[in-house]
Amino acid sequence: MPDSRPWWERGVVYQIYPRSFQDSDGDGVGDLAGIQVRLDHVASLGVDAIWLSPIFPSPMKDFGYDVADYCGIEPMFGDLAAFDRLLAAVHARGLKLILDFVPNHSSDQHPWFAEGRSSRDHPKRDWYIWRDPAPDGGPPNNWISDFGGPAWEWDAASGQYYLHAFLKEQPDLNWRHPELRRAMLDVLRFWMDRGVDGFRIDVLWHIVKSAGFEDNPFNPDWTPDRTERDKVLQHHSTDQPEAHVISAEMRELADEYEDRVLIGEIFLPNERHARWYGTPKRPQVHLPFNFQLIENGWDARTLHRVIADYEASLPEFGWPNWVIGSHDAPRIAARIGEAQARVAAMLLLTLRGTPTLYQGDELGIGQVPIPPERIRDPQHLRQPHLDIGRDRSRTPMPWDNTPFAGFSAVEPWLPLNPDWRTRNVAAQAGDPESMLALYRRLLSLRRTHPALAVGTMALHGAHDSLLVYERAQGGEQFIIILNLTSQATEFEPSQSARHCRVLLSTLPGDPPVGRDVFTLAPNEGVILA
């Protein structure tokens, strides 16, 4: 009997950073036509949907997250005709296409902001958040930009400050204004009418601010080795009750269409994070992104606690999701090493919930040094002493060992991974023991065995070295055993599991199974059936 679950529960999402996937026109920057050329690689992985980081017209102060036109295409990426061709090619391969919607802020070059900035009396003035100075002439409150420094920028011409949660070139939109709200919901409708299958919604929990604009409380645990953002606790500048009303309106709109998904970027503790699912009668986003595999330590007891606590926090109707890499986070192989990155791949693709893969992680790309003169990320440039730059996760995709790794005919906008001549798609496609081969086998198993995708999950007891859990559905049962250490570790299966067969190991060869005790090699994960 076919599974009636929506595709986004059964499926896997693959994130593409368009600047860095494939350059088709020789300017060193990736584009939509380049993505289209490389779609067969994505389809061959066995994923179900592609999420594109922003492709809208932008001055690129924050590389597309400063949008100057929500209903157009940035010329360096192509045009609407190129987008339509890409969308058709994606759908022809049985894949879905998800766009990145940036609702908290626009570019200061957006016509809406230019018009509102021109006069305090302009009808679009209140489409953004303007405030008079504090009595001392300074900013209206103590809010801090996520990129460091005050979250308010002085506009001498009009004698007011405007709010920007990120760069000053990214003024925050005022979602309390009904006309702005309608205009932004019309953006979603524009793209869904065009055939887009859903949206990843950037910094969704930021989009409404406290009406009183109170000072945020100071963070007593802040130390200088942390970002300036963390000097205060964002109690009044994020996660306001009114934002949930807007999230529900977005969901109501998406539900007017068939099979559309909304994925919300949410960084909050479990209890507050779970509220973004909404309620059965008033649902919000389908998937509030869960970044806990990125944010927490990589050891068996920590991961056991993280998984158990997250699962316990979910509403009964809420579907989980997991992420180990993104354009904002350090590469998983850089963070925990290539050996454990193979274990992380098995974890990501066998946990209950929808996984999101980030381009290049299927190759095990690790540390990519960025020379100081080539650093582009404003987050790094504003607080260089913290070494929190995101460029090293946004480097070009290496396709083969031809010049510039087959990504471009010229020097790319960011450096390639230093081992690109051997760590590339073509090299790994021919190696049955490569990281790419492991990802393909894991994704094939998910598709062949629904229990690994949508089945129930039961964690075994916490262990110092091993993370163990079971997946089951329709008479199928699997045990996943992950060795989170660099030491060989013994595992004693239950009586019923002593004669399992090994479906897959992250290492070459199979461990001995069918005994009272068997040993996992260092950094090994296995799936037992």
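I started at Trp191, which is buried because its relative accessible area is 0%; buried means under 20%, exposed over 50% and partly exposed in between, with a 1.4 Å probe and protein chains only. A reminder to myself: this is a predicted model, where local features need pLDDT of at least 70 and side-chain atom pairs count only at pLDDT 80 or more, while totals for chains, interfaces and linings use all residues. Residues are numbered from 1 along each chain as its sequence is written, and side-chain values use heavy atoms, with hydrogens and water left out.

**Entry 1: helix 6**

I looked up the helix next; helices (H or I, at least four residues) and strands (E, at least two) are DSSP runs, numbered from the N terminus. Helix 6 covers residues 178–193, and at 1.5 Å a residue its 16 residues should span 22 Å. The expected span is 1.5 Å times one less than the number of residues. I found the end C-alpha atoms 22 Å apart, which agrees.

Which residues of helix 6 are buried? I noted Leu180, Arg181, Ala183, Met184, Leu185, Val187, Leu188, Trp191 and Met192. They pack against helix 4 (80–92), strand 3 (96–101), helix 5 (111–118), strand 7 (198–201) and helix 7 (241–254), where contact means heavy atoms within 4.5 Å. After the helix comes Gly195, with a positive phi near 115 degrees.

**Entry 2: strand 7 and the sheet**

I then turned to strand 7, which is covered on both faces: Gly198 and Arg200 on one side, Phe199 and Ile201 on the other, all buried. In a regular strand the side chains alternate between the two faces of the sheet.

Strand 7 runs parallel to strand 3, joined by 4 bridges; two strands pair if DSSP finds at least two bridges between them. Phe199 is the bridge partner of Leu99. Another 4 bridges join strand 7 to strand 8 (residues 261–264), again parallel, and here Gly198 has Val261 as its bridge partner. Strand 7, helix 7 and strand 8 make a right-handed β-α-β unit; right-handed means that, with the strands pointing away from the viewer, the path from the first strand over the helix to the second runs clockwise.

In what order do the 8 strands of the open sheet run? I wrote down 9-8-7-3-2-1-11-10, with parallel pairing. The edge strands, each pairing on one side only, are strand 9 (287–288) and strand 10 (321–323). Helix 6 packs on the sheet, touching strand 3 and strand 7, and its direction makes about 160 degrees with that of strand 3. Axes are lines fitted to C-alpha atoms, for helices over the stretch in contact, and angles run from 0 to 180 degrees between N-to-C directions.

**Entry 3: aromatic pairs**

Rings of Phe, Tyr and Trp (its six-membered ring) pair if their centres lie within 6.5 Å; planes under 30 degrees apart count as stacked, over 60 as edge-to-face and the rest as tilted. By this rule I get 25 aromatic pairs. Phe21 and Trp399 have ring centres 5.2 Å apart and planes at 85 degrees, so this pair is edge-to-face. The two lie 378 residues apart, Phe21 in the loop between strand 1 (13–16) and helix 2 (32–37), Trp399 in the loop between helix 13 (378–382) and helix 14 (425–429). Both Phe21 and Trp399 are buried.

Phe190 counts as partly exposed, at 27% relative accessibility.
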